[in-house]
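Please consult the sequence and the structure shown here while reading.

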Amino acid sequence: MHLFKRPNLGVQIFLLAFLSIASLILLLGYGSQQYVFRQFTMEQTRYVSHLLERTDLLLNQFMKDLQANMLVLSKDERLLSDRTDEAVKLLENYRLFWNYDVKNIYIVTPDGRMTGTSGYLWEIKGAEHVKAFLDNDRTSPSPSYWTEPYMSPVSDYTISYIVRLTGPKGENRGILVADLDIQGILAAYGDWTYTSREDLLILSAKNRPLTTNNPYVAYDVFRKEYDLIGLPPDLIEQTTAEAHKVLDTEGNPLYVTRMTSNKWGWQVMAVLKEEKLHQSVRWIRTYAFVIGLLGIPLSLIISFYLSRSITRPLKLLTRKMDKVSAGDFQTTVESSFHDEFGLLVSTFNKMVVRIKQLMEDLIRSEKAKKHYELKVLQSQIQPHFLYNTLNSISYLSRQGQTDEVDQMITSLVALLQFHLDKIEELVPLSQEIEGVRHYGYLMSVRFPDMFVLEVDIEEEALQVLVPKFSVQPLVENSIFHGILPGLSLGSIVITGEETEDAVLIRVADDGVGISVEKLSTLLEDERGRGASGYYHMGVRSIHDRLALYYGPGYGLTVLSEPGGGTVVEMRVPKGQGTFT
């Protein structure tokens, strides 16, 4: 059995049309969406690249201006004068000049003393990073430099620009430090209209994050540092300035654009998630989805009517053909079609008439064939019975038992009248049993004190129709092949009972039984095997007759074992047989 049956023609046409139209609509929608997405991505990456160039340019300009101002400020003698309040005021003015882009400006002398803005905060929170500045100043060959980002107790997360202070003779007088407000500076540059400032990622020369609000930057509370997370390591090492697509560690597609032209070695990048990049054009996807939803019902309607126009006349013809296949040969198709289908209908009607004629001829032929076969099977059984009976009469005559001979001839005449004078092939079981009683008497006279015949059949079962001369051969087999070979008194019991759908007639004996080898081939077709004895032939002939009358579900079943007797069960339907 196939798990998937091939769909009918109507379904095939419907599916073909529907899939073709729906696929065209979906492909157009998908192609348009992808084209718009690609164009938007290109334009967006160009915009981001331009924005990064502008941000990088302004950031460079800011840093150069800060450097220039810090160098000028480092030459002012007031910074290291004895008047501390004057130095603090000077530094505060400079800090205000930078409009809070600089959080703190302060001086650190070689002995670690600090003077500058936010002095009270230094006294409260301390300045543990100052020692590192002084140590680095002693080893750095450059008179000024930018630090890596760090967490300041006063300025929070910052980078510092440090300028060395020297005296008239070049002696080291300390350092001038400016702490920058990184987020404030970055917020002042760039017009991030179509993307978020969170997409901006700036890395220092040592690839430490300067921006902290990027989703790929996380704060480590134990180390008190910001680190990159979720980005592939090779992304940081790349130097290409072209926008390219990469995957983060979770498999999310990213578009990365960078600038590396500044002289401080900083990387100014935009890291945009593809999902976020496309969110502004999601209406395209919605539009394509709506078109698809509208196109699918439309394709369903078109496909339905196309399929219906082709399959409707075919279904009409198919229904008529089903009736013909069920045996209704009066069926014809009336159609007003004048096309190829009209020609098909005309041919079908002619075919039905011809099939009807052939079926009638075949039925007549089969009836004649079955009648002949039944006559042949019956003729196979009757000569054996007559031979055995006449042989018994001859034996008694030689013994001088004239009364028994007369009584046997009387019983034989009655039995022959039942079998030969009646033209019916199916008789009630009661008549068949009456013939069996005559036969049993004939055999009891021939073989006195060798067997006892008992009949116990339900009254309802006696009315069932059975083939004539079907039970008697079974009794004959029980006598000659079951009881007599045992050389002792035996019994033969005939029973009959009704079940839900059949009548079961059993002929049982307690004789010598049948060998396993013979029992396995008892009901097989012996054509081509040669003669195998009357016992086999009689049982097989009765089985064939029952099958011809009632069908393959009826016949004989033989149960036996050596020394354990034999039971032959005949199964017939409750009503009249199928062949008359």
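## Overall fold

The structure is a predicted model. The protein has 580 residues, of which 42% count as buried. Its secondary structure consists of 14 helices and 19 strands. Among contacts between residues at least 6 apart in sequence, 62% join residues at least 24 apart. The accessible surface amounts to about 32400 Å², and carbon and sulfur atoms account for 57% of that area.

## Salt bridges

Side chains of opposite charge can pair when their charged atoms come close. The structure holds 12 salt bridges.

| Acidic residue | Basic residue | N to O distance |
| Glu77 | Arg173 | 3.7 Å |
| Glu497 | Arg506 | 3.0 Å |
| Asp501 | Arg571 | 3.2 Å |

In the salt bridge between Glu77 and Arg173, the closest N and O atoms are 3.7 Å apart. Glu77 is exposed, with a relative accessible area of 55%. Arg173 is partly exposed, at 24% relative accessibility.

The salt bridge of Arg506 with Glu497 has an N to O distance of 3.0 Å. Arg506 has a relative accessible area of 24% and is partly exposed. Glu497 is also partly exposed, at 29%.

Asp501 and Arg571 meet through their side chains at 3.2 Å, N to O. This pair likewise links distant parts of the chain, the two residues being 70 residues apart. Asp501 is in the loop between strand 16 (490-498) and strand 17 (503-509), and Arg571 is in strand 19 (residues 566-572). Asp501 is partly exposed, at 45% relative accessibility. Arg571 is partly exposed as well, with a relative accessible area of 27%. Elsewhere, salt bridges that share partners join Arg208, Asp220, Arg223, Glu225 and Asp227 into one network.

## Surface patches

Which residues make the nonpolar surface patch of about 400 Å²? The patch is made by Phe289, Val290, Leu293 and Leu294. Val290 is located in helix 8 (residues 282-325). A residue needs over 30% relative accessible area to belong to a patch. Val290 is partly exposed, with a relative accessible area of 38%, and therefore passes that cut-off.

A positive surface patch is formed by Arg308, Arg312, Lys315, Arg319 and Lys323. Arg308 is found in helix 8, the helix that also holds Val290. At 36% relative accessibility, Arg308 counts as partly exposed. Patch members also take part in no salt bridge.

A negative surface patch comprises Glu454, Asp456, Glu458, Glu459, Glu460 and Glu498. Glu454 is placed in strand 14 (residues 451-457). The relative accessible area of Glu454 is 42%, and this residue is partly exposed.

Lys224 lies in the loop between strand 8 (217-220) and strand 9 (225-228). Lys224 is exposed, with a relative accessible area of 52%.

Phe469 occupies the loop between strand 15 (465-467) and helix 12 (472-483). Is Phe469 buried or exposed? At 1% relative accessibility, Phe469 counts as buried, because residues under 20% relative accessible area are classed in that way. Lys224, by contrast, is exposed at 52%, since the class of exposed residues begins over 50%.

Notes: Residues are numbered from 1 along each chain as its sequence is written. This is a predicted model: local features need pLDDT of at least 70, side-chain atom pairs count only at pLDDT 80 or more; totals for chains, interfaces and linings use all residues. Side-chain values use heavy atoms; hydrogens and water are left out. A salt bridge is a side-chain nitrogen of Lys or Arg within 4 Å of a carboxyl oxygen of Asp or Glu. Buried means under 20% relative accessible area, exposed over 50%, partly exposed in between (1.4 Å probe, protein chains only). Helices (H or I, at least four residues) and strands (E, at least two) are DSSP runs, numbered from the N terminus. Patches are made of residues with over 30% relative accessible area and no salt bridge: like charges are joined within 9 Å, nonpolar side chains (Val, Leu, Ile, Met, Phe, Trp, Tyr) within 5 Å. Accessible areas come from the Shrake-Rupley method with a 1.4 Å probe; for residues, only the protein chains shown count as cover. Lys and Arg count as positive and Asp and Glu as negative; His and the chain ends are not counted. The place of a charge is taken as NZ of Lys, CZ of Arg, CG of Asp or CD of Glu. Contact means heavy atoms within 4.5 Å.
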